[in-house]
Amino acid sequence: MSVKYMTALALSRAIRERELSVYEALCELQRGIERTEGKLHAYLALDPARAAKDAAAVQTRMDRGGVASPLAGVPIAVKDNICTDHLKTTCASRMLAGFLPPYRATVIDKLCENDLIIHGKLNMDEFAMGSTTETSCFGSTCNPWNTQHVPGGSSGGAAAAVAAGSALCALGSDTGGSIRQPASHCGVTGFKPTYGTVSRYGLVAYASSLEQIGPIARDVADCAALMDAIRGRDARDSTSVVSENTPYLSALGEDIRGVRIGIPREALAGDISPDVSSCILNMARELEKMGAIVKECNFPLMKHAVAAYYVIATAEAASNLSRYDGIKYGYRAAGDLPLCELYARSRSEGFGDEVKRRIMLGNFVLSAGYYDAYYRRALRAKAEITACFAALWGELDMLLMPTAPTTAPALGVSLGDTLGMYSSDRYTVPANLAGLPALTLPCGFGSDGMPVGAQLIGAAHSDARILAVGYAYQQRTDHHTAYPKEVRA
Amino acid sequence: MEITKEEVARVAQLSRLIWSEGALDEMRGELSSILEYMRTLEQLETEGAEAPVGESAPIHVVRDDTVCPSYDRGALLVNAAVRNEESIIVPKTVE
């Protein structure tokens with residue numbers, strides 16, 4: 001089988017069984033990238049020479065035996081807000097266009113420890129602020145199912161590359177849906193872990209209390225294997241936690257009979273595409289046939305999640321991005337300017353419109369006279385939403401709902417409607433506010449031929465259970481094995 | 001909620017961002033409509049404790065107080081736009 005149709009686990013197995021070498025797999029993948037990049041623009045940087053060197057080292061270790069990782073030898077690409085010390089980390093921003101980190105993220109260390117090969121950096125919305133990948137200062141990524149449409153965002157490069165077969169798997173980051181929404185729009189599987197499960201050390205900060213690094217891959221099994229590779233407590237991230245020792249991969253295949261799944265009434269009401277509703281209900285019926293108990297439930301606070309999220313996220317963004325002053329690293333305005341003017345000019349010329357909008361909004365909600373009315377109220381809403389979820393777990397094991405209200409929109413239509421774009425995050429932001437694990441997986445197609453994703457959200461640290469239910473669904477269905485014909489590696 | 005020209009200018013100053021007169025007015029309109037939307041939070045009865053950072057908030061990792069190797073000066077300096085061999089060059093702030 002060609003590498004482009006393989007899952008990451010299948011490729012590693014094939015390498016062990018000497019059907020092909022690590023280097024051959026890498027070369028085939030790189031040829032696929034050459035074929036697709038002209039139409040997709042999923043990548044911001046590639047380093048074939050370094051990847052070849054790493055592939056040779058991994059091959060030597062595998063030949064000697066004793067390599068334990070089920071993903072050994074697999075090439076992986078990472079979103080360009082995850083620090084790599086051999087490739088620039090730009091966050092798709094003019095501000096960091098030349099930034100070469102002097103250190104690398106903990107997840108990069110872990111991928112290397114597991115003998116994966118990092119072969120490229122992926123396009124994204126600037127500083128992960130956007131839902132379409134159109135705010136990248138290097139230009140948008142296109143959706144491989146229809147190149148006139150966006151791939152979603154902010155991890156749009158990652159989702160598009162995996163869907164097109166120009167990446168076998170990828171790491172993205174999810175602050176308000178940035179793994180799940182693009183995975184849904186591109187017909188691939190994406191997972192946001194419980195907050196604290198994966199170290200954020202080396203992830204360029206946007207909204208620190210909300211974001212997590214997670215996998216985007218062809219199926220749930222690859223996501224579980226990647227989670228086993230990257231998770232774990234890290235002394236360099238004070239919010240990271242000890243998670244269960246049992247591999248998530250070994251939980252796949254568990255019986256899902258009796259699992260209680262709720263569908264919030266609010267999720268299928270209001271402004272949602274009938275195609276999306278229909279796909280979610282079909283998935284619910286399939287899960288019932290498999291023995292799950294599916295019932296309706298209420299989540300009335302869902303309507304407040306977007307407002308709470310954008311207050312908190314922009315407040316944290318305004319604080320986190322205040323470090324970009326043009327002095328120590330990042331873009332510096334030209335000319336012999338006084339210090340404060342240098343700061344302001346560097347920031348004004350280095351940041352794009354959406355980033356500047358969110359910094360302004362964040363500073364407004366934190367400013368004297370407005371802090372209580374916006375920021376404190378949003379924190380309380382966050383607490384209420386977290387409590388609302390907690391109450392549901394008394395009767396339910398997880399929730400099923402759409403990942404996005406529509407299929408991927410056409411290029412160029414979303415950025416002109418800021419509030420509409422923010423509002424489209426309504427199904428994904430609740431899990432970030434409450435720090436919960438959430439999986440998106442393909443569950444059908446819209447009448448426009450574009451993929452639809454369904455989301456499973458569970459209680460904190462129920463990551464393995466959610467993955468097990470997603471895996472069981474994928475054993476019975478073939479939505480995740482569909483490939484786009486328009487752009488294919 | 002309609003915010004004033006003075007308020008948006010003050011936020012621009014806090015944000016260390018420079019805007020033309022027209023762009024600032026446009027931003028004022030955008031922020032006003034977004035803030036209006038965010039006022040929907042007023043409908044919530046949310047008197048109570050402040051939100052924790054996720055459900056795992058109480059756990060915080062504290063590093064051991066041990067001496068570790070520092071970063072290489074050259075690797076740090078390479079990212080500064082204006083520098084000499086051992087320092088970052090900044091505008092003079094004291095005459």
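Colleague: In β4(A), which residue is the bridge partner of Ala77(A)?

Modeller: The partner of Ala77(A) is Ala170(A) in β4(A). This is a predicted model, in which local features need pLDDT of at least 70 and side-chain atom pairs count only at pLDDT 80 or more, while totals for chains, interfaces and linings use all residues. Residues are numbered from 1 along each chain as its sequence is written, chains are lettered from A and ligands numbered from 1 in the order in which they are written, and side-chain values use heavy atoms, leaving out hydrogens and water.

Colleague: What makes β2(A) and β4(A) a pair?

Modeller: Two strands (DSSP E runs of at least two residues, numbered from the N terminus) pair if DSSP finds at least two bridges between them. β2 (residues 75-79) and β4 (residues 169-174) of chain A have two bridges, so they qualify, and they run in the parallel sense.

Colleague: Which strands are the edges of the sheet in chain A?

Modeller: In the order β1-β3-β2-β4-β6-β5-β10-β11-β9-β7-β8, 11 strands form an open sheet with mixed pairing. Its edge strands are β1 (43-46) and β8 (293-297) of chain A, each of which pairs on one side only.

Colleague: How do you know that β10(A) and β11(A) pair?

Modeller: Seven bridges join β10(A) and β11(A) in the antiparallel sense, and Thr440(A) stands opposite Gln455(A) in β11(A). These two strands form a hairpin with five residues between them, and Gly449(A) in the turn has a positive phi of about 80°. β10(A) also pairs with β5(A), in the antiparallel sense over three bridges, and there Lys192(A) stands opposite Ala438(A) in β10(A).

Colleague: Why is Glu286(A) counted as buried?

Modeller: Buried means under 20% relative accessible area, exposed over 50% and partly exposed in between (1.4 Å probe, protein chains only). Glu286(A) has 17%, so it falls in the buried class. This residue lies in helix α9 (residues 274-289) of chain A; helices are DSSP H or I runs of at least four residues. Leaving aside neighbours within four places in sequence, Glu286(A) is in contact (heavy atoms within 4.5 Å) with Tyr473(A), Arg476(A) and Thr477(A).

Colleague: Why are α10(A) and α13(A) called oblique to each other?

Modeller: Angles under 35 degrees count as roughly parallel, over 145 as roughly antiparallel, 65 to 115 as roughly perpendicular and the rest as oblique. α10 (residues 302-320) and α13 (residues 371-392) of chain A pack at about 125°, with axes 9 Å apart, and they are therefore oblique. The axes are lines fitted to C-alpha atoms over the stretch in contact, with angles from 0 to 180 degrees between N-to-C directions. Residues making the contact include His304(A) and Ala308(A) of α10(A), and Tyr374(A) and Lys382(A) of α13(A).

Colleague: And in chain B, is Leu31(B) buried or exposed?

Modeller: Leu31(B) is buried, because its relative accessible area is 0%. Leu31(B) sits in helix α2 (residues 21-38) of chain B. Beyond neighbours within four places in sequence, Leu31(B) is in contact with Arg357(A), Met360(A), Leu361(A), Ile3(B) and Val8(B). The C-alpha atoms of Leu31(B) and Val8(B) are separated by 8.5 Å, though these residues are 23 apart along the chain.

Colleague: How many helices and strands are there in chain B?

Modeller: Chain B has three helices and zero strands, giving the pattern α-α-α along the sequence. Of its 95 residues, 29% count as buried.
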